[in-house]
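Please look over the sequence and the structure before reading on.

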Amino acid sequence: MSRSRLLSCSWCGREIVDSESGRRRRYCRQSCRQRAYEHRTSLKGTGIPEDAVVLSAQEASDLADRWFAARCAAEDVATAVDEGAGPAELAQLSATLLQLTREAERLR
């Protein structure tokens, strides 16, 4: 029986579904693998560790925006619970929160 593992791309953070057999995938696409290689080679000789995550100012700003949206969605869920929202509304708010947190996990 083959079970799948849920992993995150080492470059962009998107979800990767991997099988139990074979080598564990590190990247979701070939382009992410290439960007990671370019990143590693650009850091050689700089003293910055190869596994460091270096974000541009725009990427850092985008990441902060995604986390802010996720926090706002979490606050919406908490408010709905406090106000006694019904199961359908809570399910929709939870789905939105889950989607936003998945997006916030992406580094780039």
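Axes here are lines fitted to C-alpha atoms, for helices over the stretch in contact, and angles run from 0 to 180 degrees between N-to-C directions. The model is predicted, so local features need pLDDT of at least 70 and side-chain atom pairs count only at pLDDT 80 or more, while totals for chains, interfaces and linings use all residues. Residues are numbered from 1 along each chain as its sequence is written, and side-chain values use heavy atoms, with hydrogens and water left out.

**Helix pair**

- Helix α2 (residues 57–82) packs with helix α3 (residues 87–105) at an angle of about 160°, their axes lying 9 Å apart, where helices are DSSP runs (H or I, at least four residues) numbered from the N terminus.
- This makes α2 roughly antiparallel to α3, a term for angles over 145 degrees.
- The contact (heavy atoms within 4.5 Å) involves residues of α2 including Leu 63, Trp 67 and Val 77, and residues of α3 including Leu 90, Leu 93 and Leu 97.

**Nonpolar core**

- Leu 7, Cys 9, Trp 11, Cys 12, Ile 16, Tyr 27, Cys 28, Cys 32 and Ala 36 form the largest nonpolar core, of nine residues; such a core is a set of buried Ala, Val, Leu, Ile, Met, Phe, Trp, Tyr and Cys residues joined through side-chain atoms within 4.5 Å.
- Not counting residues up to four places away in sequence, Leu 7 touches Arg 14, Glu 15, Ile 16, Asp 18, Arg 24 and Arg 25.

**His 39**

- His 39 lies in helix α1 (residues 30–43) and counts as buried because its relative accessibility is 13%, the cut-off being under 20% relative accessible area with a 1.4 Å probe and protein chains only.
- Residues up to four places away in sequence aside, His 39 touches Trp 11, Glu 50, Ala 52 and Val 54.

Notes
Helices (H or I, at least four residues) and strands (E, at least two) are DSSP runs, numbered from the N terminus. Angles under 35 degrees count as roughly parallel, over 145 as roughly antiparallel, 65 to 115 as roughly perpendicular and the rest as oblique. Buried means under 20% relative accessible area, exposed over 50%, partly exposed in between (1.4 Å probe, protein chains only).
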